[in-house]
Amino acid sequence: IIKELKKKFDNNISLIGDDWSEYYKDSTHSVFDTKKISNIYAGNIGLDLGSLAGSTSLYPRSIQIIESGGLIIQKIQSGSKKIWGELQNKVLFNNSVQLITLVEKLLDNKKYCHELLEEIFENFSNSNEAIEKNLDNILENEKQN
């Protein structure tokens, strides 16, 4: 996937992480400072190929891309369609053709990027309420047992 992206969008891609240096000389070192990571994601397209811990849509990196104001493009994971709902065709891909199509659309249309970013924020706007409701249900079940 990265090979194809580099071939098509080389000037628009930053590979960050020590693991990439073995394959691409223009990659930069890993970044561990959370403020620096947030600054990297902010206003950029964050490619999310999935968690090493399993096939889940929301995990620390994907959440950080979203919270930092980055546009996330994510390889389809288990539960992706439930998490992304109506946005799935705008942020999810299952092959390199779909990925390139998503990236081209984002790079070619700043207005669309802004609208998509708003849709992503709206998609997760009630997350705190959902978490709170789930915690209340857990606590209520604990009391009954």
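User: How are two packed helices described, and at what angle do the axes of α6 and α7 cross?

Analyst: Two packed helices are described by the angle between their axes and by the distance between those axes. In this predicted model, helix α6 covers residues 96–108 and helix α7 covers residues 110–123. Their axes come within 5 Å and cross at roughly 110°. That makes α6 roughly perpendicular to α7, since angles of 65 to 115 degrees count as such.

User: Which residues of α6 and α7 meet?

Analyst: From α6 come K105, L106 and D108. On the α7 side they meet K110, Y112, C113 and L116. Sorted by class, this contact of α6 with α7 has four nonpolar and three charged residues, and no polar ones.

User: Next, the sheet. In what order do the strands stand, and is the pairing parallel or antiparallel?

Analyst: The sheet is open and is formed by three strands in the order β1-β2-β3, with parallel pairing. The edges are held by β1 (45–48) and β3 (92–93). Each has a single partner strand, so one side of each is left without a neighbour in the sheet. Strand β2 (residues 71–75) is joined to β3 by two bridges. In one of these, Q74 has L92 of β3 as its bridge partner.

User: Which strands does α3 touch, and which does α6 touch?

Analyst: Helix α3 (residues 60–67) packs on the sheet and touches β1 and β2; its direction makes about 155° with that of β2. Helix α6 also packs on the sheet, touching β1, β2 and β3, and its direction makes about 170° with that of β2.

User: How is empty space found, and how much space lies in the largest pocket?

Analyst: Rolling a probe the size of a water molecule over the atoms shows where empty space is left. Here the largest pocket holds about 1,500 Å³ of space. It is lined by 41 residues, and the closest to its centre are S14, Y41, I45, G46 and L47. The elements giving two or more residues to the lining are α1 (2–9), α2 (34–41), β1, α3, β2, α6 and α7. By class, the lining has 26 nonpolar, 11 polar and four charged residues.

User: Last, a single residue. Where is L117 found, and how far apart are L117 and I66 in space?

Analyst: L117 is found in helix α7. L117 and I66 are 51 residues apart in sequence, and their C-alpha atoms are 8.6 Å apart in space. Leaving aside neighbours within four places in sequence, L117 is in contact with G69, G70 and L71.

Methods. Residues numbered from 1 in each chain as written. Predicted model: local features only at pLDDT ≥ 70, side-chain atom pairs only at ≥ 80, totals over all residues. Heavy atoms only, no water. Axes fitted to C-alpha atoms, helices over the stretch in contact; angles between N-to-C directions. Helix = DSSP H or I, 4+ residues; strand = E, 2+ residues; numbered from the N terminus. Parallel < 35°, antiparallel > 145°, perpendicular 65-115°, else oblique. Contact = heavy atoms within 4.5 Å. Nonpolar A, V, L, I, M, F, W, Y, C, P; charged D, E, K, R; others polar. Pairing = 2+ DSSP bridges. 1 Å grid on protein atoms, 1.4 Å probe; cavity = no way out; pocket = protein on both sides within 12 Å on 5 of 7 lines; lining within 4 Å. Points joined across faces, edges and corners; volume = space filled by probe spheres on them.
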